[in-house]
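Colleague: Please take me through one part of this model in detail. I would like to see how one chain meets its neighbour, and what lies around that meeting place.

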Amino acid sequence: MASSPGLSLREIVDKLGGTIEGAHNIRAIENTRIKAVASLNSANKDQIAFFSDQRYRNQLAGTQAASVIMSQQSFDALNKSPCPTIVCDNPYAYYARLATMLNPTPVSSPGVHPSATSMSTVPASTHIGAGAVIGRGVTLGERVVIHPGAIVSDNVSIGNDCHLFPHSVLYAGIVLGERVIVHAGAVVGADGFGFAPDFKQGKGEWVKIPHSGRVIVGNDVEIGANTTIDRGSLEDTCIGNGVKIDNLVQIGHNCSIGEHTVIAACVGMAGSSVVGSHCQIGGAAMIAGHLEIADQVIVSPGTMIFKSIKKASRHTGIMPSDEHHNWTRNAAKLRRLDEMSKNIKQLQQEIHGTFAL
Amino acid sequence: MASSPGLSLREIVDKLGGTIEGAHNIRAIENTRIKAVASLNSANKDQIAFFSDQRYRNQLAGTQAASVIMSQQSFDALNKSPCPTIVCDNPYAYYARLATMLNPTPVSSPGVHPSATSMSTVPASTHIGAGAVIGRGVTLGERVVIHPGAIVSDNVSIGNDCHLFPHSVLYAGIVLGERVIVHAGAVVGADGFGFAPDFKQGKGEWVKIPHSGRVIVGNDVEIGANTTIDRGSLEDTCIGNGVKIDNLVQIGHNCSIGEHTVIAACVGMAGSSVVGSHCQIGGAAMIAGHLEIADQVIVSPGTMIFKSIKKASRHTGIMPSDEHHNWTRNAAKLRRLDEMSKNIKQLQQEIHGTFAL
Amino acid sequence: MASSPGLSLREIVDKLGGTIEGAHNIRAIENTRIKAVASLNSANKDQIAFFSDQRYRNQLAGTQAASVIMSQQSFDALNKSPCPTIVCDNPYAYYARLATMLNPTPVSSPGVHPSATSMSTVPASTHIGAGAVIGRGVTLGERVVIHPGAIVSDNVSIGNDCHLFPHSVLYAGIVLGERVIVHAGAVVGADGFGFAPDFKQGKGEWVKIPHSGRVIVGNDVEIGANTTIDRGSLEDTCIGNGVKIDNLVQIGHNCSIGEHTVIAACVGMAGSSVVGSHCQIGGAAMIAGHLEIADQVIVSPGTMIFKSIKKASRHTGIMPSDEHHNWTRNAAKLRRLDEMSKNIKQLQQEIHGTFAL
């Protein structure tokens with residue numbers, strides 16, 4: 001992609017804070033222009049990199065970057081700065097904000113594509129792409145961008161500055177806050193998986209539970225591609241402010257996710273579970289239904305949670321992998337663990353009995 | 001959502017069975033009007049709740065509901081009914097049916113949206129939403145509802161009263177029974193994952209196996225959002241009557257799922273496996289290829305099944321989670337289980353040898 | 001589906017190699033006409049089957065097929081061929097190629113459907129189905145088939161003979177090689193899951209990392225239904241030539257997959273991992289971020305990989321399943337493995353101490 005015209009180091013610290021360091025004559029370097037972010041290894045003289053991990057000291061020493069972002073602590077530990085340096089509190093967040101300034105989201109000019117269908121009145125600032133569909137009774141905030149093929153069903157409410165990527169689907173009655181990003185193919189508000197068994201003598205059926213709840217999504221939420229968030233049955237499914245959800249995640253009916261919790265790809269949450277704020281749910285983790293997970297809980301990738309977690313803590317349940325023939329030998333013993341445990345106890349009795357004599 | 005005008009208790013039992021209990025003067029209460037279902041906790045005087053779990057006795061005692069649904073056994077165990085009560089055999093199924101009566105699916109009036117494309121002749125009772133596409137040679141039953149953006153490829157056959165939600169995709173030749181619900185983004189009939197390796201001396205390719213089979217879906221099946229069901233290679237993939245499939249499930253080519261089996265979210269089934277009827281497959285369970293699973297088998301969530309299961313039974317293979325530092329200590333030993341087992345045997349020999357002397 | 005007019009055995013071996021065997025008078029049988037492929041069990045006199053596994057010898061003996069494909073070794077092991085036989089090096093690959101010849105992909109005639117939107121100039125050989133959307137600056141090779149509802153965003157480049165199935169989505173700037181198949185609902189190029197934490201005293205936010213990299217897809221790649229492949233943050237996500245990816249797979253930002261690697265359904269790969277060529281990743285396996293996996297590595301289904309794998313090998317980490325009550329007993333001991341190990345050591349000390357006396 002084309003690089004931006006760039007910003008001087010002075011313009012950058014004026015906007016994002018931090019100080020320019022690493023040269024006797026700061027004035028001489030503060031006009032250095034930055035056109036893009038890059039890694040320490042690949043950066044050239046138009047680019048800025050960031051340094052936050054001591055393992056990359058050699059890359060820092062050899063970088064061709066115009067400038068590097070780092071913490072005061074990192075800067076103090078250097079004998080000599082390899083290039084003009086921006087010193088700040090949180091180099092990674094600084095880098096992210098600077099990268100956003102240098103890579104602004106392409107502006108989608110307001111207007112409704114002739115092939116789109118809108119059955120509601122939308123603000124003049126709305127962008128609706130080709131083939132998108134807006135149902136009846138839809139309320140949109142300002143500057144909403146609806147990409148081609150996105151579907152907004154009846155009675156949906158969307159706040160300012162939301163982006164719906166192609167083929168995302170909002171079922172009827174869903175509520176999005178402001179600055180929500182819904183990636184392609186995500187489905188928000190399908191019926192939850194609820195059926196009452198009604199079988200007798202081998203006959204009968206699963207009776208569908210109607211889902212009249214909604215999904216309420218807060219501000220600054222990001223929902224990944226092909227992720228699914230089910231509507232509530234009686235009450236609403238709730239996604240708190242600042243929650244970030246990766247691709248191919250399943251959130252069951254009536255779940256509630258606290259503010260600023262992050263959920264990595266391929267996670268599944270069964271229905272009616274409550275996850276606290278500032279949690280981190282690792283990729284492919286699974287959370288059973290009707291649990292309560294406290295604030296600031298970390299669930300490791302691939303871990304299945306079957307009990308509520310009452311306090312901030314990290315939980316793991318990964319089956320370690322091994323070369324196949326090693327695994328085969330050990331896995332066979334997994335089915336005999338209880339027996340092994342009993343054998344140990346018996347040996348203890350026998351030996352300690354011997355000693356007791 | 002707007003509540004329905006409601007039904008009297010008399011109208012309810014006339015339609016769904018059961019008896020009205022809990023007052024000396026039944027006539028006086030059978031005109032009590034119910035507008036919606038709700039939980040014991042949240043129900044108000046227009047609403048009905050259900051009670052089926054003794055853990056919620058306190059909630060029952062304090063409920064403000066107009067009426068409660070429960071079994072004869074639960075009713076007999078009460079000292080006093082907190083409100084007029086409907087007594088029936090299966091309160092949960094009763095509740096589900098009543099909720100459906102009170103929350104009828106919004107009627108989609110027949111007609112084809114001008115932005116939809118249909119290359120086949122469809123019954124006058126069909127609803128086709130904006131941007132939906134119907135291919136050539138498609139056969140539709142009565143009252144089929146095709147929501148915006150759904151794609152029905154050539155030669156598909158769909159029975160009466162099916163609902164295809166936005167952006168669901170049926171590949172060519174797929175067959176749906178009656179009253180099938182396909183949620184948004186579900187894909188039925190993509191090619192299975194079949195390739196023949198043809199490599200020699202580091203050169204060559206995976207040769208694609210063509211998939212000329214279909215997917216045959218029975219009556220009353222529900223397919224969740226973004227779920228994928230592959231077509232068969234030579235024979236058909238078959239989904240039995242009454243099967244309910246949650247979101248983000250993968251069903252491989254040539255699989256067969258028996259009647260009234262339920263499959264929770266994030267399950268994967270590899271190709272050519274046969275699952276019996278009335279099975280329950282827990283969320284994120286995985287079933288390997290070419291297996292046979294008997295009727296009425298329960299597979300716990302997160303469990304991987306690698307061998308056929310010959311009789312009705314429950315199977316589990318969950319790696320228990322723990323606080324991370326506990327897990328770390330125990331997981332390290334998992335790779336030494338075989339060694340531990342040998343050590344135990346050696347100790348047994350040594351001790352029993354000692355005793356034998 | 002309608003069978004093809006068919007090919008004679010002579011026409012088949014002329015095109016695909018191999019020899020016709022199994023009769024004294026080969027001339028008499030080489031005109032045998034084959035209309036379709038089938039299994040040994042179900043094949044009739046117009047059909048050809050293949051035989052590559054000695055477990056199916058009885059099926060071979062009883063087959064009604066017009067002809068069977070097998071290796072020289074299998075043929076030599078037979079007393080008598082049950083029917084005219086094609087002998088070749090790799091019967092399964094031969095079968096796949098023959099099946100493709102007999103089931104040619106339906107030709108999609110060139111042309112742009114009136115309901116499609118194209119903002120770029122496309123070759124006359126392009127097929128664009130109903131409701132599909134082609135953005136600005138898109139470059140297409142010859143004979144590209146874009147099925148109904150597929151979305152090709154701005155500045156995408158697509159090579160010759162690619163097929164995009166309904167509702168597949170390519171984000172801006174994605175590059176596809178030649179003969180790439182993208183199945184329905186697959187999303188290529190959504191933003192990776194990258195956020196910098198910026199919290200202090202319980203306030204703050206996750207700062208989004210912009211993703212300016214692309215996804216570069218090689219030739220002959222197949223991408224399954226509802227699979228997601230994220231774009232790179234700074235560098236590109238790369239999918240090598242001949243890679244086959246099944247349904248509901250997640251490939252994180254900046255990953256690189258080597259040539260001819262196959263990835264089964266429900267796999268998740270976190271960001272920045274590098275997988276070698278000719279690897280086989282089993283269904284529902286998970287690969288953590290920032291790893292390197294060598295060439296020709298096999299990862300078993302359901303296995304989580306958390307360390308780099310340096311050489312061709314097979315890795316497994318499956319928690320074995322069992323009947324539920326057995327599992328319950330053994331799983332309880334999993335949380336006490338470390339204690340069990342210590343008990344064994346203590347017993348060893350006690351006994352060997354005894355012996356030493």
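Modeller: Start with strand E39 of chain A and strand E38 of chain C. Two bridges join E39(A) to E38(C), residues 314-316, and the two strands run antiparallel. Keep in mind that this is a predicted model. Within this pair, Glu323(A) stands opposite His315(C) in E38(C). Strands of a sheet pair through backbone hydrogen bonds, either parallel or antiparallel.

Now follow the sheet onward. It is an open sheet of 12 strands with mixed pairing. The order is E39(A)-E38(C)-E36(C)-E33(C)-E30(C)-E27(C)-E24(C)-E19(C)-E16(C)-E13(C)-E10(C)-E8(C). Which strands stand at the edges? They are E39 of chain A and strand E8 (111-112) of chain C. Each has a single partner strand, so one side of each is left without a neighbour in the sheet.

Look along the sheet for a parallel pair. Strand E13 (residues 145-146) and strand E16 (residues 163-164) of chain C pair in the parallel sense over two bridges. There, Val145(C) stands opposite His163(C) in E16(C).

Next, widen the view to the whole contact. It takes 61 residues from chain A and 56 residues from chain C. On the side of chain A, four elements each supply at least two residues: helix H5 (91-102), strand E39 (322-323), helix H6 (324-334) and helix H7 (337-356). H7(A) gives the largest share, eight residues. By class, this side of chain A has 32 nonpolar, 21 polar and eight charged residues.

Is H5(A) mostly covered or mostly open? It is mostly covered, with nine of its 12 residues buried. Among them are Tyr94(A), Tyr95(A), Arg97(A) and Leu98(A). The buried residues pack against parts of two chains. From chain A come helix H1 (9-16), strand E4 (36-37), strand E5 (47-50) and strand E6 (67-70). From chain C come strand E21 (195-200) and strand E22 (203-208).

Now compare the contact of chain C with chain B. Here 61 residues of chain C are in contact with 56 residues of chain B. The elements of chain C that give two or more residues are helix H5 (91-102), strand E39 (322-323), helix H6 (324-334) and helix H7 (337-356). H7(C) gives the most, with eight residues. Two bridges join strand E38 (residues 314-316) of chain B to E39(C), and these strands run antiparallel. In this pair, Thr316(B) stands opposite Asp322(C) in E39(C).

Finish with the nonpolar cores. The largest has 249 residues. Which residues have the most contacts inside it? They are Val188(A), Val188(B) and Val188(C). Not counting residues up to four places away in sequence, Val188(C) touches Leu170(C), Tyr171(C), Ile174(C), Val182(C), Val215(C), Ile223(C) and Ile229(C). A second, separate core has 35 residues, including Leu60(C), Ala66(C), Ile69(C) and Ala99(C).

Technical notes: Residues are numbered from 1 along each chain as its sequence is written. Chains are lettered from A and ligands numbered from 1 in the order in which they are written. This is a predicted model: local features need pLDDT of at least 70, side-chain atom pairs count only at pLDDT 80 or more; totals for chains, interfaces and linings use all residues. Two residues are in contact if their C-beta atoms, placed from the backbone, lie within 7 Å. Ala, Val, Leu, Ile, Met, Phe, Trp, Tyr, Cys and Pro count as nonpolar, Asp, Glu, Lys and Arg as charged, and the others, Gly among them, as polar. Two strands pair if DSSP finds at least two bridges between them. A nonpolar core is a set of buried Ala, Val, Leu, Ile, Met, Phe, Trp, Tyr and Cys residues joined through C-beta atoms within 7 Å. A residue is buried if 20 or more other C-beta atoms lie within 10 Å of its own, exposed if 12 or fewer, and partly exposed in between; C-beta atoms are placed from the backbone.
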